[in-house]
Each structure stands twice: as C-alpha cells, then as structure tokens.
Amino acid sequence: MFPKPKIVISKCFFEPVRYDGGIISEPFVENLKKYIESVTFCPEIALGLKVPRPRILIVKIKESERLIQPETGKDLTEDMLKVCQKALAEFKEIDGFLLKAKSPSCGVKSTKLYQNEKIIGKTSGFFARLASETYPYLPLEDEGRLKDFKIRDHFLIRIFAFAEWREFLKDPSPSKLVNFHSRHKYLLMSYNQEFLKKLGQIVASSQYSFQEKLSLYEKYFYRAFQRKTTIRRHINTLQHIFGHISKKLTSKEKRHFFELLEKLKKGWIELSTLLELLKSWALRFEKEYFLFQSYLEPYPAELIKDPE
Ligand code: SF4
C-alpha cells in the first residue's frame with residue numbers, strides 16, 4: 001500500500017477554469033488522481049480573472065519576461081507574482097507539482113515566449129517558475145513532459161518516496177528511521193551512491209540528537225533524487241542485489257541474468273524485466289530484505305503506462 005503523495009495540481013484538470021472555459025482530460029493525470037491527494041490551484045483565477053477571459057501571453061520586453069493580456073493591454077506581471085508567492089507560502093507538506101503544459105502561468109519550459117508579436121522560444125509559466133525557485137528539491141512537471149517515460153519514472157519515484165518520508169514523520173522513532181533507510185537503500189544507490197553513504201552516516205551517528213538527524217536526513221534524502229539516474233547506475237544496483245542472491249542460483253540462471261544485463265545496457269529490454277527476475281528469486285529464496293526494498297516497486301506499476 002503506497003501512501004498518497006500530496007501534489008499541487010493545475011485546477012483545470014478538475015474544473016472548467018481555462019481561459020476558454022475548457023477542462024483538461026489527460027489519461028495519465030486521470031489515472032494518477034486515484035493515487036494522490038490533490039491540492040488544486042489556478043493562478044489566473046486566484047489573480048481574479050474570469051472564465052472565459054482574454055488570453056494572456058509571456059512577452060519579452062527588453063530583458064524581462066512580462067505577463068501581458070494583449071486584448072486589454074494590461075501588464076499582469078507584478079500582480080501574478082504576488083498571487084503566486086502568497087499561494088506558494090501557504091502550501092503545506094507537499095510532495096510535488098503537476099501543472100498544465102504550455103500555459104503562461106503553469107507550463108514547465110513549454111510556454112511560448114513572444115517578442116514583437118513573434119514567437120522567439122519557449123519558457124516556463126510564472127507560477128511554474130516561482131514554484132521551482134521556492135521548492136527547488138520537489139519534482140515539478142507538466143503533463144506534456146510526463147509523456148516521456150524517463151521523466152515520468154523520475155517524477156513518480158520522487159513523489160512516492162517523499163510521501164513515504166512524510167508518512168514516516170507522522171510518528172518517527174530511531175528504529176523506524178533505520179527501517180526507512182534500509183527500505184530505500186537500493187533506490188538511493190540507483191540514484192546517488194554518495195548520498196546513500198551520507199544518509200547512512202547520519203542514521204548511524206551518535207553526534208546528533210534525533211531531531212537533528214531527522215532534519216539532516218530530510219535535507220539529503222530530497223537532494224539525493226534531484227538528478228535523473230542512468231542505466232549505468234541501475235546496472236550497478238542490480239549487480240549488488242544479484243550478489244546477495246547469486247550463491248543459490250545455477251550457472252545457467254547466472255548466465256541468463258548477465259545476458260539480460262547486456263540487453264538492458266543496449267536498450268533492448270526495460271529495467272522492469274530485471275526487477276521482476278530479482279523479485280522472483282527473492283521470493284523463491286525468502287529474501288525478505290530485498291522484497292521490502294522500494295527499488296523493486298517504487299510506485300504503483302499501473303502508472304507507468306497510460307490506460308488503453
Ligand atoms: S493552466 Fe493553470 S492558469 Fe491556466 S487554467 Fe489551468 S490552472 Fe489555471
């Protein structure tokens with residue numbers, strides 16, 4: 001059972017608040033809604049704009065990006081910044097942001113940037129940009145970017161790991177911290193060996209009070225997942241797990257494992273093939289420690305593909 005990540009999500013995935021009165025229906029987001037606690041927010045409605053409303057655009061004027069409503073000639077930049085800052089200061093215990101692509105408020109590097117009525121490139125919406133500056137260690141994506149498997153996988157891993165951390169914080173104890181760290185050992189290894197080591201030292205150290213340990217652990221745990229992982233790091237992690245099981249395997253099974261690793265390296269098969277194989281061996285040899293690892297199933301499997 002996965003704890004529900006608390007996600008700030010563009011309101012137009014739930015209600016018809018778009019400038020044209022539309023509502024967005026997107027298969028991945030629809031599927032995800034069951035697994036998260038949604039904190040819906042629409043920066044443009046919070047700004048006092050109505051539905052329907054004239055479009056707003058991001059326009060480069062001199063060296064600055066401004067939020068302009070061409071039909072009325074209004075520059076909404078300062079008001080939008082105030083509204084977003086206020087909302088961002090009020091969000092509590094959130095695990096990430098899922099925003100609407102291409103919007104001048106919500107888009108994540110996907111919003112058209114204009115200058116002299118011409119498109120000159122892409123930028124991020126005002127809310128998206130301020131959110132990523134306010135919460136630099138939280139995942140922040142729009143639904144367009146989440147169509148990419150690697151971006152989606154990285155997003156899901158982080159929101160579910162962070163939700164588990166928040167769940168742990170509801171009733172923390174030193175032994176539960178050891179347990180939490182053990183459960184995420186291989187997931188952390190697949191991201192960042194250095195942070196895995198650092199986090200292990202924090203857990204084992206006698207130099208900090210428990211409260212100090214919690215705040216330090218949180219700081220490094222969130223940072224550990226900032227950079228996307230690579231196949232090379234996955235292969236290293238898979239080999240570590242394999243090393244604990246391999247003694248019980250036949251030579252044909254071992255060979256099969258290394259053949260699959262080669263195929264993974266070449267991009268011919270998915271990581272999940274190796275994870276399922278390791279899981280089946282952990283079940284067969286009753287290796288509870290590995291079955292307990294978040295690395296083997298970091299989020300609900302059905303989320304990686306859009307429903308048919
Ligand atoms: S994209 Fe953002 S600003 Fe636009 S309607 Fe949706 S929530 Fe509101």
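Predicted model: local features only at pLDDT ≥ 70, side-chain atom pairs only at ≥ 80, totals over all residues.
## Overall layout

The protein chain has 308 residues, and 33% of them count as buried. Its secondary structure consists of 13 helices and nine strands. The C-alpha trace spans about 75 × 50 × 35 Å along its principal axes. Of the contacts between residues at least 6 apart in sequence, 66% join residues at least 24 apart.

## Domains

The chain is divided into domain 1, residues 6–147, and domain 2, residues 160–308. Their C-alpha centres lie 33 Å apart. Eight residues from domain 1 and 11 residues from domain 2 take part in the contact. On the domain 1 side, the touching residues comprise five nonpolar, one polar and two charged.

The UniProt record, in an unreviewed entry, lists residues 185–300 as "domain: DUF1722". Over residues 185–300 the model is 71% helix and 0% strand. The end C-alpha atoms of this stretch are 19 Å apart.

Ile 9 lies in strand 1. With 24 other C-beta atoms within 10 Å, Ile 9 is buried, because 20 or more are needed for that class. Apart from residues up to four places away in sequence, Ile 9 touches Ser 38, Val 39, Thr 40 and Leu 98. The C-alpha atoms of Ile 9 and Glu 141 are separated by 9.8 Å, although the two residues are 132 apart along the chain.

Thr 40 belongs to strand 2, residues 37–41. Thr 40 has 14 other C-beta atoms within 10 Å and is therefore partly exposed. Leaving out residues up to four places away in sequence, Thr 40 touches Ile 9, Lys 11 and Phe 14. The C-alpha atoms of Thr 40 and Pro 16, 24 residues apart along the chain, are separated by 12 Å.

## Helices

Helix 4 covers residues 126–134, and its buried residues are Phe 126, Phe 127, Ala 128, Arg 129, Leu 130 and Ala 131. These buried residues pack against helix 2 (43–46), strand 4 (64–69), helix 3 (77–90), strand 6 and strand 9.

Helix 5, residues 149–169, has 21 residues. Its first and last C-alpha atoms are 30 Å apart, close to the 30 Å expected at 1.5 Å a residue. Buried residues in helix 5 include Arg 152 and the run His 154, Phe 155, Leu 156, Ile 157 and Arg 158. Ile 159, Phe 160, Ala 161, Phe 162 and Ala 163 are buried as well. The packing partners of the buried residues in helix 5 are strand 1 (6–10), strand 6 (96–99), strand 9 (140–142), helix 7 (185–191) and helix 9 (210–224).

Helix 11, residues 251–265, has 15 residues and should span 21 Å at 1.5 Å a residue; its end C-alpha atoms are 21 Å apart, so the two values agree. Just after helix 11, Gly 267 takes a positive phi of about 80°.

## Backbone exceptions

Most residues other than glycine have a negative phi, and most peptide bonds are trans. The bond joining Val 51 and Pro 52 is cis, with omega about -10°. Pro 52 is found in the loop between helix 2 and strand 3 (57–61).

Lys 62 has a positive phi near 55° and is not a glycine. Its place is in the loop between strand 3 and strand 4. Lys 62 counts as exposed because it has 6 C-beta neighbours inside 10 Å.

Lys 109, also not a glycine, has a positive phi of about 55°. It is found in the loop between strand 6 and strand 7 (111–115). Lys 109 has 16 other C-beta atoms within 10 Å, so it is partly exposed.

Note on methods. Residues numbered from 1 in each chain as written. Helix = DSSP H or I, 4+ residues; strand = E, 2+ residues; numbered from the N terminus. Buried ≥ 20, exposed ≤ 12 C-beta atoms within 10 Å, placed from the backbone. Contact = placed C-beta atoms within 7 Å. Expected span 1.5 Å × (residues − 1). UniProt positions renumbered as here; feature names shortened; annotations may be inferred. Domains from an automatic or database assignment. Nonpolar A, V, L, I, M, F, W, Y, C, P; charged D, E, K, R; others polar.
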